[in-house]
Amino acid sequence: MVARDDAKIKVRKNGPYLVSGSVPLIEETTLRGEDGMPTEWSKTRDYPEQEAYSLCRCGSSKNAPFCDMTHLDIGFEGREKAPRDNYIERSQLFSGPGLDMRDRVDICARAQFCQRSGGVWKLVQGSADPSKGSKAIEIIGQCSAGRLVAYDKQGSAIEPQFQRLISVTQDPGRRISGPLWVKGGIPVESADGFTYEIRNRATLCRCGRSKIHPFCDGTHLGDGFNDGTLRI
Ligand code: FES
């Protein structure tokens with residue numbers, strides 16, 4: 001299934017994400033090496049194709065990742081507090097000899113891939129060596145939240161090619177469920193009708209506790225979020 005051109009994600013006030021436009025839904029799991037560090041994302045499930053569906057935002061559904069209306073029973077308050085300016089305005093430039101990188105900390109989903117190979121900042125610093133530069137690009141592309149973006153020295157963003165889909169993330173190595181990884185530039189519209197910056201990578205909170213709803217801010221990690229489908 002391929003997402004339709006008019007695919008979008010609508011945030012319902014104090015409610016779920018309404019997904020329309022035949023957006024494929026999959027599960028991806030963080031694989032970790034012997035040292036406990038993430039190595040790659042692995043697709044671990046395809047959900048049935050649907051033209052439209054609702055995904056849980058409160059973190060309490062018993063039918064995760066889908067909404068089962070529990071948000072009404074628990075009085076979920078999911079006020080959207082995400083800043084409405086663009087990535088470029090809120091990120092900091094980190095410049096290396098062969099590669100640049102921008103970093104926007106407030107949207108970090110704590111997926112931890114950036115700590116591979118001694119840390120991506122060190123790799124960018126050493127990017128005069130092309131092998132370090134290409135390793136940095138690989139790792140930056142694994143950043144689900146799009147906190148990190150690689151740029152060539154001419155200032156063009158280097159992004160992984162993604163099909164438009166939503167990925168339900170899981171991290172059994174840390175015994176947590178992660179956010180929804182929105183790939184390929186699917187518009188996310190707030191409850192009051194504002195369309196957030198359309199990005200190739202973004203993570204939406206599904207634990208209900210982010211301080212920058214609708215985006216993930218990594219709070220799920222400290223809270224040990226488990227959506228009930230996590231296989232450890
Ligand atoms: S899923 Fe990351 S803060 Fe809620």
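These legends accompany several views of one predicted model.

**Figure 1. The whole chain, an overview before the close-ups.**
The model is predicted. Its chain holds five helices and 13 strands. The C-alpha atoms occupy a box of roughly 55 × 40 × 35 Å along the principal axes. The radius of gyration is 17 Å, which agrees with the value near 17 Å that a compact globule of 232 residues would have. Buried residues make up 53% of the 232.

**Figure 2. Surface and charge of the chain.**
The accessible surface comes to about 10800 Å². Carbon and sulfur atoms account for 48% of that surface. Charged side chains number 33 positive and 30 negative. The centres of these two sets lie 3 Å apart.

**Figure 3. The open sheet with strand order 6-7-8-9.**
Four strands form this open sheet, and their pairing is antiparallel. Strand 6 and strand 9 are its edge strands, each pairing on one side only. Strand 6 covers residues 92–95, and strand 9 covers 157–158. Strand 7 spans 100–103, while strand 8 spans 148–151.

**Figure 4. Close-up of the pairing between strand 8 and strand 9.**
Two bridges join these strands, which run antiparallel. A150 stands opposite I158, a residue of strand 9. Strand 9 is an edge of the sheet, with pairing on one side only.

**Figure 5. G98 in the loop between strand 6 and strand 7.**
The loop that holds G98 runs between strand 6 (92–95) and strand 7 (100–103). G98 counts as partly exposed because its relative accessible area is 36%, between the limits of 20% and 50%. Beyond its neighbours within four places in sequence, G98 is in contact with S127, A128 and K153. M69 is another matter: 29 residues separate G98 and M69 along the chain, and their C-alpha atoms are 50 Å apart.

**Figure 6. The cis peptide bond between A64 and P65.**
A64 and P65 are joined by a cis peptide bond. Its omega is about 10°. P65 sits in the loop between strand 5 and helix 1. Strand 5 covers residues 52–55, and helix 1 covers 70–74.

**Figure 7. The cis peptide bond from H213 to P214.**
This peptide bond is cis, and omega is near 10°. P214 belongs to the loop between strand 13 and helix 5. Residues 201–204 form strand 13, and residues 219–223 form helix 5.

**Figure 8. Q112, a residue with positive phi.**
Q112 is not a glycine, yet its phi is positive, at about 80°. The residue lies in the loop between strand 7 and helix 3. Helix 3 spans 120–125.

**Figure 9. R175 in the loop between strand 10 and strand 11.**
R175 has a phi near 60°, a positive value in a residue other than glycine. Its loop runs between strand 10 (165–171) and strand 11 (176–183). Is R175 buried or exposed? R175 is exposed because its relative accessible area is 55%, and the cut-off for exposed is over 50%.

Technical notes. Residues numbered from 1 in each chain as written. Predicted model: local features only at pLDDT ≥ 70, side-chain atom pairs only at ≥ 80, totals over all residues. Heavy atoms only, no water. Rg over C-alpha atoms; globule rule 2.2 N^0.38 Å. Buried < 20%, exposed > 50% of the residue type's maximum accessible area, 1.4 Å probe, protein only. Areas by Shrake-Rupley, 256 points an atom, 1.4 Å probe, with all protein chains shown as cover. Lys, Arg positive; Asp, Glu negative; His and termini not counted. Charge placed at Lys NZ, Arg CZ, Asp CG, Glu CD. Contact = heavy atoms within 4.5 Å. Pairing = 2+ DSSP bridges.
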